[in-house]
Amino acid sequence: MALSEEPAAGAAEDPAEDPLEDAAEDAALACGAALESFGESAETRELLGRLPAVLADRSAREGALERFRVIMDKYQEQPHLLDPHLEWMLNLLLEFVQNKTSPADLVHLAFKFLYIISKVRGYKTFLRLFPHEVADVQPVLDMFTNQNPKDHETWETRYMLLLWLSVTCLIPFDFSRLDGNLLSQPGQERASTMDRILQVAESYLVVSDKARDAAAVLVSKFVTRPDVKQKKMASFLDWSLCTLARSSFQTIEGVIAMDGTLQALAQIFKHGKREDCLPYAATVLQCLDSCRLPDSNQTLLRKLGVKLVQRLGLTFLKPQVAKWRYQRGCRSLAESLQHSIQNPREPMTQAETPDSDGENDVPEEVESVIEQLLVGLKDKDTIVRWSAAKGIGRIAGRLPKELADDVTGSVLDCFSFQETDSAWHGGCLALAELGRRGLLLPSRLSDVVPVILKALTYEEKRGACSVGSNVRDAACYVCWAFARAYEPQELKPFVAAISSALVIATVFDRDVNCRRAASAAFQENVGRQGTFPHGIDILTTADYFAVGNRSNCFLVISMFIASFPEYTQPMIEHLVTMKINHWDGTIRELSAKALRNLAQQAPEHTARDVFPRLLSMTQSPDLHTRHGAVLACAEVARSLHTLATRQGRPVSDFLDEKATHGLKQIHQQLYDRQLYRGLGGELMRQAVCILIENSALSKMPFRGDAVIDGWQWLINDTLRNLHLISSHSRQHIKEAAVSALAALCSEYHAREPGEAEAAVQEELVKLYLTELQSPEEMTRCGCALALGALPAFFLKGRLQQVLAGLRAVTHISPKDVSFAEARRDALKAISRVREAAMTSLMDLTLLLGRNQPELIEGPLCQRLMCCLAQQASEKIDRFRAHAARVFLALLHADSPAIPHVPARPELESLFPRAAVASVNWGAPSQAFPRMARLLGLPAYRYHVLLGLAVSVGGLTESTVRYSTQGLFEYMKEIQNDPAALEDFGGTLLQVFEDNLLNDRVSVPLLKTLDQMLANGCFDIFTTQENHPFCVKLLVLCKEEIKKSKDVQKLRSSIAVFCGLVQFPGDVRRKVLLQLFLLLCHPFPVIRKNTASQVYEMALTYDVVPATVLDEVMAVLSSTAWDAELPVVRAQRNRLCDLLGVPRPQLVPKPAIR
C-alpha cells in the first residue's frame, strides 16, 4: 500500500503469482520517478509547429497525435515536470484556435492536443493558464455555435471549451455589463450572456461523452457567482431536480441525465457558500431520497448520490473544527525514533471545556444523511464505500462529541459476522478516516483495535475461491492511519497485538497486495511510533519487494521473524488456526512447510500444544482441515526429529508415545472411514504419502508394525489406480507416491543396511513388472517410476529383469502407440537405474580392487572405463557429471589401484587429481574441453567420439557450443598429422556404421559431420581424388536416408552432401546426383531446403564452371521448388544438363498381376 493520504482501495486479488509479472512491476516502480526534466521539449515544439502541414494527410495527422500522446504519457507519474513548458505549448495551440482563418479541422486537432495535456497534468492546474479576461468570454461562447454535440470525433473540442468557459466565468464583473443593448433589432431580443452560458451548461449536462464532466465544472463555477446565484441558482436547481425526477436509472438516457445532474449538484454544494446553498439543501435531499439511487445497478450514480448526500450534510452543519478532537501535536519522525526522550510530550487530547454547540444545533436532516452514508459503507462497489467513508469523516468533524461517538458506534456495527465483506471493508475505511482526522478518541481504541485485528485476517469462502482481500488491505490502511494519528503512549497497550497481526499479514497473507500493505503499515508504525519490537530488523528483511514472493514469505522471511520470541507463538498459532485449513491447497502446503521451520524455534510449545491439536484435526469432517493437518503432522514430526538429531537428543523428548501412536493411527482411521475414495480421497492420498515419506526419513519406530503394510497398500493402490485420479492432480499424487515408496523401502523394508528383505523385494519387483504391461497408461507410468525409485540394494539380482521390463515399455506397438507418457516415465526410470548402476559398478569395482583384484579382467576393465568415458561425454548434465565422478574415482583409487585401466599414465597426466577436484563436470564449459582430450587415446576414442557426436548435434545451446569447441580443438591439433587424421576418420565412420538407422545417434552425428565438413576438418583429404573417407561416408549417408520420411534427418543429410561436394573425383558427381534427386523429393519442404543449400554450396565451393554459374544460380533462385513435381523436375533436369550430371530416370513400378 502506497504511503499516501488515501489507500489504493479495491486492489484486485492476485491468486496465482507469476514471478515474471512481479519483476516487471518492480522495475516499473523503480524507474517511476527517474525523470528529471521534460526532455522532449524541442521535439514537442517542432511537432506542434507543423500541425498545419500534417492536417491534410490523415496518416501523418494520426502519427503526430499518437507521438504526442506517447511523449505526454511518460510524465503521468511526474506531471509537475511539464509545468515550465505548459505556457508555450498552450500559446502555440491557442494560436491555431483563435486564428479565424484556421480550418475547422485544425481547430479540432489543436483541442485534441490540449486535451492530452490536461489529462496528464490535470485540468485544475492547466486551466489557470488559459486566457480569462473579459474579452475572452464572448469568443469562447461564440465557438459553441459551431459545435455539434452528436459528433463523437470532436468531443475533445467541446470538453476543453467548457473548461475554458468555466475559467472565464471567474471574471470579477457582473455579466450584465457584457450584454449592452439586448434589442439588436426591433422586435428581436438577444439572449443575455448569463442565459447563453446557462443554456450551454444545461445542454451539455445530458450528453453522453466526457463533455458532461466539464459542464458540471462550468455549472459549479457559474451558478455560485454572486450575480448569477441571485438570478439563476433557484431556477437551475429547479431544473436539476425536475431532471432527476423525470429520469430513470433503468434507461441509458436516464442514467446519462442523472449522472450529469448529480455531478453538477455535488459541485455546486461543494464550491458554493453555505448560506447560499442552505435554503435549498432540504429540498434537494428530499428529491434525492425519492430517486432511490441505492437501488440502482449503476456504480457511478450510487457514488455521486453518496457524494451529494455528504455535501448536503456539510451544508446543514456549520463549518467548524471540533474542539473535542484528538490532536497529536508534533509529528517529527526523528523524534519518534529516539529511544529515550528527555521531556516526553503529553498528547493533546480533547479540550476540557464542554462543546459550545449543543445537540440542538444539529438539524434533523443530518440524521438522514448519516444513515445514508452508513448504508453507503456497505455498498457492493469500492468507490461508493470509499466516498461514504470520507463523508462520515467530514461530517463527524462538525458534530458534537456525543453524536460523533454515536457515529463511531454505528460504524463498529459493520464489523459483525452477519455482515458482508463489503460492510467490513467500508467500516475499515471509515475508521481510518475517523482516526486520521482525530475524531476517534483514544477511549475508543479498546473497542476498535480488536475488530481491526479480526479484519486483518478476514476471509470468507465463496464457492471455489474466497473474498476478503480488500478487507485485509483496508485493515492495514487503518493501522497505517493510526500510526500517524496517535501518540505512542496511546497505542502502547495494543502494540504487541498490532505488531504481531501486521507481521502475520506481511508473511502469511495469500495476496501480494495485502502482504505489501501490511509491510507498509508495519513500516509506518516503526517510524511513527518507535515501539514495535525489532522493527528495523524486520523491515530490512520484509520490505516491499521481498514480500512479493509468496514462497519466500512463508519459508524464508517467516523463519527470520520467528527468531524474535515476541512473534514466534502468534505466528505458529495463526498457521494452525487460519492457514492449515485454508481453502487453497497451495497455502495449506506452504503452511505445513512453514510450521516445519517454525517448530524448531519453539519445539517445546510445538510438541506440547500444537502437535496434539494437529493430530485431532486429522479426523475433522472438513476435507481442507483434514488434508492440511496431515501435511502439518508430517512436516512437524520430521522437523522435531531433525532438531533432536542435531542436539543429540532422542526424538521421544519431543514426541512421546501418545504422539507417535497418533501419527501411526492416521492411515488406519482414514481407511476405516473410507476417506481415500472420491475427489477428497485424492487429497488424502497425497497427504498420507507425504506423511509416509517424512515418517521414514524421521526414522519413526514403526519397523515391523502393521502400519507398514497399510502404507505399502496405499502406495501400491495409488500407483495402480492413477487412471482413476483427476488429471489436474495426477502428477502430484504420482510423485508423492513414488517418493514415499523410495523412503519406505530404504527405512522399513531393509533387513539391515544395504540389504532388502527378500520376500518384500520379490513381491514389489514382481508386482511393478507385472503392472508395466497394464492396459492403463497411467498404471504403467506409476509402476515404471516406482521401479526407478527403488533403492539400489533393492535391485541386487534384479537389475537385468527390471531393465528388460522398462525397455519393453519404451517400445512402440500398435496397441499402445498413444502411451507417450508411459514411455517417458519408463525412460526416466531407466535414467535413474542407469545412475544407480554406475554407482553400483563403482562400489563393486572398488570392493574387488581392495579384496580380490585378480577378478578384474583387462577386457572388462577396459569396457567399464570406456563406457564411463562415453557417458561423461554425453549431453545430459546430471549423468555426465556422475559418470565423470565415477570415472575419476576409479582412476585415482590408490588403496590399491584398480588394475588394467587402459592408458593409465596418459589419463593421470590429462586428469591430475589436484586439478580435477574442483571441476564442475555438470557444466558444459568445464567438462567438454577436458573430455575431448581423450580422443587422442586410441582405447577411448571410439566411445568418447560416440558421446561427443550426440552432444555436438544436440539441441541445448551451451552443450552444443562447448562440445563443438572441445572437438574442434582436438581436430586443430591433428591437422598436420595425416596418420592421426586417417585414424580419426576411420573411427568416425565406424561409429556411423555401427549406429545406422539408430536415430538417437545418427541424426546428431549427421549434424556433427556437417559442422566438421563446413569448418574444413578434412581439407587434407581433398587433395586426393575419391578419397576412401568421403566414398565411405557417401555410402553411409545414402543408406541412412534410404526411404526415410524424417524431415530432420533429411535436412541434416542435405547439409552433409553439400559438404562432400568439395572432394574431387567421381564422388563429386555422385554427390551432385544425390542432391538433384532430393530436388524432386515428394516433400516440398525438402525440395526448398535442398535448393537453398545447393545455392549456398555453389557460392562456397568452386565446383560449378564459371561459364554456367550465373544460369545455375538463376535456376536455383527463381524456381518455385514447392510447385508441382513435373514443373520442378524440368528445372532439375536443366541443372543436370548444365553440370554434366546424368538425369535421374523414373523407375516404373512393377505391374500388379
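**Rings, charges and burial in a predicted model**

Student: What makes Arg516 count as lying over the face of Tyr544?

Tutor: Arg516 lies 4.3 Å from the ring centre of Tyr544, and a charge sits over a ring if NZ of Lys or CZ of Arg is within 6 Å of the ring centre and within 35 degrees of the ring normal. Arg45 is likewise placed over the face of Trp88, at 4.1 Å from the ring centre. This is a predicted model, in which local features need pLDDT of at least 70 and side-chain atom pairs count only at pLDDT 80 or more, while totals for chains, interfaces and linings use all residues. Residues are numbered from 1 along each chain as its sequence is written, and side-chain values use heavy atoms, with hydrogens and water left out.

Student: Why is Arg121 called buried?

Tutor: Its relative accessible area is 17%, and buried means under 20%, with exposed over 50% and partly exposed in between (1.4 Å probe, protein chains only), so Arg121 counts as buried.

Student: How do you know that the side chains of Arg121 and Asp83 are joined by a polar contact?

Tutor: The contact between Arg121 and Asp83 is 2.4 Å, whereas the definition asks for a pair of N or O atoms within 3.5 Å (within protein, one must be able to donate a hydrogen and the other to accept it, and residues adjacent in sequence count only if both atoms are side-chain atoms); the pair therefore qualifies as a polar contact.

Student: Why does Phe887 count as buried?

Tutor: Phe887 has 2% relative accessibility, and therefore counts as buried; Phe911 is buried too, with a relative accessible area of 0%.
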